[in-house]
Amino acid sequence: PWGIVFVHRDTALLTEKPGSVRVIVKGELIEKPVEGTPQVLDEGQGGLMDVNIDRDYKQNGWIYLSYSHEIKQEEGQNRPPAMTRIVRGRIRDMKWVDEQLVYEAPRESYSTTRHHYGNRIVFDKKGYLYFSVGDRGAQDQAQDPGRPNGKIHRIYPDGTVPGDNPFRGQGLPTLFTLGNRNPQGISVHPETDEIWAAEHGPLGGDELNLIKAGTNYGWPVITY
């Protein structure tokens, strides 16, 4: 199991790393997985990752999934490159339907490494969607605003980009922070609406960070 979200008081959706979305009702796991969910690259730390629901889920039914997405292997590569990707869709009669692409990194940023994908998906009260992408094992790229990895991103739930994102004009428009190693825990404070992220350190040195627009969290230049 990788991610879990309650869609109703007694019903939860659960993602499993090999690629299955499962449904739990009143504490009982439904035997059959949801059909038609995205194909994932289940290798290393990659696979099906987070699941969350839209703030207006009761009205629109949107469910968000993140996963490691691979593209066709090019000649000379030892394995296909992959990167964190986010889609949304709905579940009807235990089938994944109405899928829409929410976020896909530039194809040239895909990597053949198989670790540090991130990822968590959260929503604040203002209507923004935040998600993390790990550094993919290329630590210096976490400092490059032209690369998606080693960052926390902010978009709208439909995938469009806010006009006031802090790195517009000097990097990828979706970026909200940089210098992040591999945040795999993100939470929104229920009262203050602050974004908090937990980040793995390389040898100890784990971090709990208050996520603020445009901030550089130091990886790998400053780390302990």
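Visitor: Leaving aside neighbours within four places in sequence, which residues is R114 in contact with?
Guide: This is a predicted model. R114 lies in the loop between β8 and β9 (121–123). Leaving aside neighbours within four places in sequence, its contacts are L41, E43, G44, Q45, G46, R79, P80, A82 and R136.

Visitor: Is R114 buried or exposed?
Guide: Buried means under 20% relative accessible area. R114 has 6% relative accessibility, so the residue counts as buried.

Visitor: Which backbone oxygen does the side chain of R114 reach, and at what distance?
Guide: P80 is among the contacts of R114. The side chain of R114 reaches the backbone oxygen of P80 at 2.6 Å.

Visitor: What separates the C-alpha atoms of R114 and A197?
Guide: Along the chain, R114 and A197 are 83 residues apart. Between their C-alpha atoms the separation is 22 Å.

Visitor: Which residue stands opposite A197 in β15?
Guide: Strand β14 (residues 195–199) pairs with β15 in the antiparallel sense, over five bridges. These strands belong to an open sheet with the order β13-β14-β15. Its edge strands are β13 (183–188) and β15 (207–211). Opposite A197 stands N209.

Visitor: Which are the edge strands of the open sheet of four strands?
Guide: The strand order is β5-β6-β7-β8, with antiparallel pairing. An edge strand here pairs on one side only.

Visitor: Which residue in β7 does Y64 stand opposite?
Guide: Strand β6 (residues 63–70) pairs with strand β7 (residues 82–92). The sense is antiparallel, over eight bridges. In β7, the residue opposite Y64 is R88.

Visitor: Which residues of the largest nonpolar core touch the most other members?
Guide: In soluble globular proteins, nonpolar side chains tend to be buried together. The largest nonpolar core here has 16 residues. Touching the most other members are L13, L48, V51, I53, I63, L65 and W96.

Visitor: Which residues does V51 touch, not counting those up to four places away in sequence?
Guide: V51 is one of the core residues that touch the most other members. Not counting residues up to four places away in sequence, V51 touches G3, I4, V5, L13, T15, I63, Y64 and L65.

Visitor: How many residues are in the second, separate core?
Guide: Y64 is in this second core. W62, I86 and F131 are also included. The core has 15 residues.

Key. Residues numbered from 1 in each chain as written. Predicted model: local features only at pLDDT ≥ 70, side-chain atom pairs only at ≥ 80, totals over all residues. Heavy atoms only, no water. Pairing = 2+ DSSP bridges. Helix = DSSP H or I, 4+ residues; strand = E, 2+ residues; numbered from the N terminus. Core = buried A, V, L, I, M, F, W, Y, C linked by side-chain atoms within 4.5 Å. Buried < 20%, exposed > 50% of the residue type's maximum accessible area, 1.4 Å probe, protein only. Contact = heavy atoms within 4.5 Å. Polar contact = N/O pair within 3.5 Å; in protein donor to acceptor, adjacent residues only side chain to side chain.
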